[in-house]
Amino acid sequence: MSLFGSDYDSVKVGGDFQALPAGGYVMVIKNVKVTNNSNGLPMVVAIADIAEGEYKGYFHSLYRERVERDINSKYPYNGTFYITAVDAEGKTKKNFKSFCTAIEDSNEIQLPRNNDEAFLKAVMTGDRSLI
């Protein structure tokens, strides 16, 4: 097998994409799951994207481009949040509290204190119909 794939001439060079300018963006949670980290501690993995403006759908667009080249591609790292909820002593981690507080404040809601993934997703995306 050759080092040069049949699509070599059409593949974009690394860095050959429009970088997201620094600044604040309104985000939407596209998917969320509750799982455990490598130490067995509960964590939230949230997939997010830009919700409005010139860069709406930015991370999903990057993901689609990657999947066209490799079906096993993962969602862009900057659009994925890995947030451990508690430490080994069962105490709430600051980054988890910050994440939840940002969602609660931006949606004017209070997140439920349970692990129901579907309910958590609905609430985190601002769907008040389940509250």
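Mentor: Leu3, Phe4 and Tyr8 make a nonpolar surface patch of about 430 Å². Patches take residues with over 30% relative accessible area and no salt bridge, joining like charges within 9 Å and nonpolar side chains (Val, Leu, Ile, Met, Phe, Trp, Tyr) within 5 Å. A salt bridge is a side-chain nitrogen of Lys or Arg within 4 Å of a carboxyl oxygen of Asp or Glu. Areas come from the Shrake-Rupley method with a 1.4 Å probe, and for residues only the protein chains shown count as cover.
This is a predicted model: local features need pLDDT of at least 70, side-chain atom pairs count only at pLDDT 80 or more, and totals for chains, interfaces and linings use all residues. Residues are numbered from 1 along each chain as its sequence is written, and side-chain values use heavy atoms, without hydrogens and water.

Trainee: Is Leu3 buried or exposed?

Mentor: Leu3 is exposed, with a relative accessible area of 83%; buried means under 20%, exposed over 50%, partly exposed in between.

Trainee: And how many aromatic pairs are there?

Mentor: Six. Rings of Phe, Tyr and Trp (its six-membered ring) pair if their centres lie within 6.5 Å; planes under 30 degrees apart are stacked, over 60 edge-to-face, the rest tilted. Phe4 and Tyr8 have ring centres 5.0 Å apart and planes at 85°, so they are edge-to-face. Tyr58 and Phe59 are edge-to-face too, at 5.3 Å and 80°.

Trainee: Are Tyr58 and Phe59 buried or exposed?

Mentor: Both are buried. With Tyr25 and Tyr55, Tyr58 and Phe59 form one aromatic cluster.

How values were computed. Buried < 20%, exposed > 50% of the residue type's maximum accessible area, 1.4 Å probe, protein only.
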